[in-house]
Amino acid sequence: MRAAIDASAARASATPPATIDYAEARATVLALNRTGQLNDSSVNRFAIRREVRNVVAALAQLATVPIETIAPLIEAADISGLVIACRASRLNWNTTAAIVSYRKAGLTVAPDELQRARDMFEGLALSNAQRTIRFGSLSELTAKRSQAV
């Protein structure tokens, strides 16, 4: 799985990224977090409305990682890293599917790919997802996933 995150980030960074200002999104998310309203439901709304900056800021806040960790994952065609970030953020599958499906115009997810993502999401322990997204230690998860498939 670490390879999936690294590959996603590498593909996303292969093209020069446009500088995206997350200041407003970060402020919105921090305000929601301070009032106890940053949760699965609020992130789901961001995803359905295609408020990608807010989704990135929310995932970063919930997973306690920098925005720079999440931003390349939302841009990547490979959704594995994004699914891990959603799991690490304690989101449910419906919200994760909304994030994956509505993350960016032009990036579509085939039904079979979405099903594989769901299987990975449901089989991934929260603690492993959090460790992976925070510290990048996916080698043992990759081995376990390969054996499970």
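The structure holds 3 salt bridges, a salt bridge being a side-chain nitrogen of Lys or Arg within 4 Å of a carboxyl oxygen of Asp or Glu. This is a predicted model, in which local features need pLDDT of at least 70, side-chain atom pairs count only at pLDDT 80 or more, and totals for chains, interfaces and linings use all residues. Residues are numbered from 1 along each chain as its sequence is written, and side-chain values use heavy atoms, with hydrogens and water left out.

**Overall layout**

- The protein chain has 10 helices and 0 strands; helices (H or I, at least four residues) and strands (E, at least two) are DSSP runs, numbered from the N terminus.
- Of the 149 residues in the protein chain, 44% are buried; buried means under 20% relative accessible area, exposed over 50%, and partly exposed in between (1.4 Å probe, protein chains only).
- Among contacts (heavy atoms within 4.5 Å) between residues at least 6 apart in sequence, 71% join residues at least 24 apart.
- Carbon and sulfur atoms account for 53% of the accessible surface of about 7,800 Å², an area that comes from the Shrake-Rupley method with a 1.4 Å probe, where for residues only the protein chains shown count as cover.

**Nonpolar core**

- The largest nonpolar core has 42 residues, and Leu59 and Ile99 have the most contacts inside it; such a core is a set of buried Ala, Val, Leu, Ile, Met, Phe, Trp, Tyr and Cys residues joined through side-chain atoms within 4.5 Å.
- Helix α4 gives the largest share of this core, 8 residues.
- Leaving aside neighbours within four places in sequence, Ile99 is in contact with residues including Val43, Val55, Leu59, Ile74 and Cys86.
- In soluble globular proteins, nonpolar side chains tend to be buried together.

**Gln130**

- Gln130 is placed in helix α9 and counts as buried because its relative accessibility is 12%.
- Beyond its neighbours within four places in sequence, Gln130 is in contact with Ala88 and Arg90.

**Salt bridges**

- Arg49 and Glu51 meet through their side chains at 3.9 Å, N to O; Arg49 is exposed at 53% relative accessible area, whereas Glu51 is partly exposed at 25%.
- Arg116 pairs with Asp112, their closest N and O atoms being 3.4 Å apart, and both lie in helix α8, 4 residues apart.
- Arg116 is partly exposed at 47%, and Asp112 is partly exposed at 46%.
- Arg118 pairs with Glu122, with the closest N and O atoms 2.7 Å apart.
- Because Arg118 and Glu122 are 4 residues apart in helix α8, about one helical turn separates them.
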